[in-house]
Amino acid sequence: MRDVLRELAGWWRAGDEVAMGTVVATWRSSPRQPGAAMLVGPGGEAVGSVSGGCVEGAVYAVGEDVLETGRPDLQRYGVSDDDAAAVGLTCGGILDVYVEKVSQATFPELGEVVADIDAGRPVAVATIVEHPDPAVVGRRMIVRPDEHSGSIGSERADAAVLDDVRGLLAGGHSETLTYGPDGERRGEGMRVFGAVFAPAPRMLVFGAIDFAAACARIGSFLGYTVTVCDARPVFATASRFPEADEVVVDWPHRYLASQLEDGQIDARTVICVLTHDPKFDVPLLEIALRIPEIAYVGAMGSRRTHEDRMARLREVGLQEEELARLSSPIGLDLGARTPEETAVSIAAEIIATRWGGGGERLTDTRGPIHHTSDEERADPPPRPSPPATHEITT
């Protein structure tokens with residue numbers, strides 16, 4: 001929903017009715033992730049995308065029906081491998097799309113949700129997208145870290161969904177959860193989509209050098225909230241790092257420790273240490289590599305600098321399993337030379353680390369282009385209702 005939020009909120013405030021199709025689950029190599037959304041506007045406008053183009057026409061038609069009937073609809077779309085290249089849904093991807101009518105009557109809490117998202121406050125919307133009783137499909141709960149509103153339907157279901165969606169909120173990702181019809185943990189029949197709107201992940205760049213400016217630029221482009229930190233006030237200035245969201249003058253290790261204590265570091269945070277000076281990077285890395293869950297820690301420097309740094313980190317007590325989490329020298333081997341090229345190298349390693357890529361040229365590899373988890377590679381579970389999988393052909 002985030003990608004169509006501006007248009008959706010505008011129509012909602014105007015009192016219009018809109019159909020919204022949301023990707024709630026994917027299998028194999030689907031082009032869009034859960035949470036991607038498409039709108040059918042009050043004037044027939046199509047806004048957003050659920051698949052990159054290949055199933056939008058079908059979702060649009062479902063959206064028109066939902067606007068007319070008011071009944072939400074969950075559809076499964078798939079494509080055979082033979083047709084995949086032609087229609088754009090690569091490698092036989094399969095996706096479930098939930099289509100609902102959105103208006104002030106059907107979603108009165110939307111204004112508050114939009115306000116939370118705009119203010120950077122974490123919020124999630126848990127919606128029943130499938131249930132043996134069609135009358136309860138569409139019930140929703142608004143979940144925040146310390147409060148919630150609405151109900152899925154029963155005290156047991158509310159408790160289970162609230163606990164699980166808060167876990168999704170902490171991890172910053174959207175997902176469909178499966179329960180028994182009354183929220184039973186071991187049951188099947190009710191599927192609840194937790195649409196998570198967490199603040200953007202953080203990129204902490206230490207070292208106010210020209211490489212940091214390029215790194216801040218590409219980090220912002222990738223959707224991170226970027227902080228540049230350096231102990232030297234003459235270099236750590238906002239004018240030198242216009243793409244950074246924040247420029248902090250502080251000793252790097254002291255700043256990281258304060259952020260960790262304040263709960264501002266999570267499993268999505270990436271840290272780029274560009275100081276390549278032992279008095280800065282050793283105490284900083286001593287803290288960073290001991291954080292139980294963090295997405296990425298990389299440090300710049302030559303091979304000689306790397307060996308010296310590793311020796312110093314061992315001297316301060318870091319264990320081999322902690323040192324193994326350090327990406328040093330930072331980045332993938334792209335032959336980069338300029339600050340901008342180096343920033344691309346660093347960003348490429350962060351992306352590869354996140355998705356499990358190996359960094360090879362795609363022309364030299366075989367198999368699916370998109371890296372997927374075992375769950376995504378598996379076939380989707382059968383729908384309890386009659387099959388509604390649509391083969392998309394040209």
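Strands here are DSSP E runs of at least two residues and helices H or I runs of at least four, numbered from the N terminus.

On one side, β15 pairs with β14 (residues 270-273) in the parallel sense over four bridges (pairing takes at least two DSSP bridges), and alanine 299 is the bridge partner of valine 273. The chain gets from β14 to β15 through helix α8 (residues 278-288), a right-handed β-α-β crossover (clockwise from the first strand over the helix to the second, with the strands pointing away from the viewer). β15 also pairs in the parallel sense with β16 (residues 326-327), over two bridges, and there valine 297 stands opposite leucine 326.

## An aromatic pair at α8

Tryptophan 251 and phenylalanine 280 form a tilted aromatic pair, 5.1 Å centre to centre with 45° between the planes (ring centres within 6.5 Å, using the six-membered ring of Trp; under 30 degrees is stacked, over 60 edge-to-face, the rest tilted). Tryptophan 251 sits in the loop between β13 (246-249) and α7 (252-261), 29 residues from phenylalanine 280 in α8. Phenylalanine 280 is buried at 9% relative accessibility, whereas tryptophan 251 is partly exposed at 34%.

## About the model

This is a predicted model: local features need pLDDT of at least 70, side-chain atom pairs pLDDT 80 or more, while totals for chains, interfaces and linings use all residues. Residues are numbered from 1 along each chain as its sequence is written, and side-chain values use heavy atoms, leaving out hydrogens and water.

Key. Buried < 20%, exposed > 50% of the residue type's maximum accessible area, 1.4 Å probe, protein only.
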